[in-house]
Amino acid sequence: MNQLACPKCHQPLLRKDRSYQCVNHHNYDIAKQGYINLLLNPDKATNNPGDSKESLQARKAYLNQGYYDVILNEVTRYIKEHAQPSMDILDLGCGEGYYTFGMKKQLGDTHNYYGLDISKTAIQMATRYDKSINWIVGNSKNIPINDHSLDVITALFTVVNSDELKRTLKNNGYIIHVTANRNHLIEIKELIYDEVKTKSDEHIRLPFNVLESYDFVHQITIDSHEDAVNLLKMTPHYYHIKKERRHIIDELEQLTVTIDIRLTVYQP
Ligand SMILES: [Zn+2]
C-alpha cells in the first residue's frame, strides 16, 4: 500500500485506474512516464522550479560514472544496519533520481520507495531509472505523504522543513541528512573564484535528537574532461565563472576534488 496523501486536504490518496483520488474527490492523473504531479499551483514560484535541465543532465552523467557512490554507500550503510521488513523510504529533493535508484539497488525490492522533487524535469528523468519507485513532483514544505507513515527520510544536499519531517515520520522513524562542509569541492571554488568564500552548510542543524553524526572526507580523481565539466555544471559555481577564466575549464583534463560532508541521523 502506498502512503501518498492529497496535497490540498492531506487525506490518503487511493489509486483509481490511471489516477489517484482522495475522499474529497481531488484527482491527480498519473503521467504517461509513470510519475505523479502533486505540486499545487501556489507552490510553483516559477514555471519550472528546481535545477536547470543543463545542470540536471550534467548531474545524471556525472553520478552515473559512480564518483559519488561513496556518499550513497554511507547512507545505505546506516539503513542496512537498522533495517526493518518492508520500510517506506522517502528521498527528499531526489533530483534526477540517481541516489533513490541507488538506494533501491542496494537495499532491495522489499521496501517502498518514494522520490520527491519540485522539478518536473528532474522527475521525468528519474522515471527512466525504475518505474516501480513512486516518483513525485511535489514540495518539501508540503510533503504529499500521510502522517507518521515513513520509516526513513533521506535528504542529500537539499533544503528540508523540520515540521514536515516530524509529521511524516513514524515515531521510531529517522532522517539521514547529508550536508556539505566547508571544504567540500574546495578545489572547484579555487578554480573558479579569485577569493574563496568559506560559506557552507555546516551550521545547518535540525531540532531533533541526534542518533549519529560524523564527517566523511574523501578525495576523488576525475580523469576525463567531460566528467570534470559535468561536475562543475552540477554545482552553482559553474554559472559564476568569469569570461577570462573560461579557458581553464576548456583545458581541464584531470581534477582531484575533496568530498567533505556531514552525515547526521536524526529522530524527531
Ligand atoms: Zn484532497
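Me: What makes the pair formed by the side chains of N142 and H10 a polar contact in this predicted model?

Reply: The side chain of N142 lies 3.1 Å from the side chain of H10, and because a polar contact is a pair of N or O atoms within 3.5 Å, one able to donate a hydrogen and the other to accept it, the pair counts as a polar contact. A polar atom of the N142 side chain also lies 3.2 Å from the backbone oxygen of P7.

Me: Where is N142, and why is it called buried or exposed?

Reply: N142 sits in the loop between β7 (134-137) and β8 (150-156). Its relative accessibility is 16%, and since buried means under 20%, N142 counts as buried.

Me: Which residues hold the zinc ion, and how do you know that they are its donors?

Reply: The protein donors are C6 (SG), C9 (SG), C22 (SG) and H26 (ND1), which lie 2.1 to 2.3 Å from the zinc ion; because an N, O or S atom within 2.8 Å of the metal is a donor, these atoms qualify. Along the sequence the donor residues follow the spacing C-x2-C-x12-C-x3-H. Among them, C9 in the segment before β1 (14-16) and H26 in the loop between β2 (19-21) and β3 (27-29) are 17 residues apart, a pair that links distant parts of the chain.

Me: Why is the site of the zinc ion called tetrahedral?

Reply: The angles among its four donor atoms run from 99 to 120°, and because four donors count as tetrahedral if all angles lie between 85 and 135 degrees, the site is tetrahedral.

Me: Which strands stand at the edges of the open sheet, and why?

Reply: Eight strands form the sheet in the order β4-β7-β6-β5-β8-β9-β11-β10, with mixed pairing. β4 (36-37) and β10 each have a single partner strand, so one side of each is left without a neighbour in the sheet.

Me: How do you know that β10 and β11 pair?

Reply: Two strands pair if there are at least two bridges between them, and because 13 bridges join β10 to β11 (residues 255-267), these strands pair, running antiparallel. One of the bridge partners in β11 is L255, which faces I222 as its partner.

Methods
Residues numbered from 1 in each chain as written. Predicted model: local features only at pLDDT ≥ 70, side-chain atom pairs only at ≥ 80, totals over all residues. Heavy atoms only, no water. Donors = N, O, S within 2.8 Å, 3.2 Å for Na, K, Ca; no water. Tetrahedral: all angles 85-135°; square planar, octahedral: opposite > 155°, others 65-115°. Helix = DSSP H or I, 4+ residues; strand = E, 2+ residues; numbered from the N terminus. Buried < 20%, exposed > 50% of the residue type's maximum accessible area, 1.4 Å probe, protein only.
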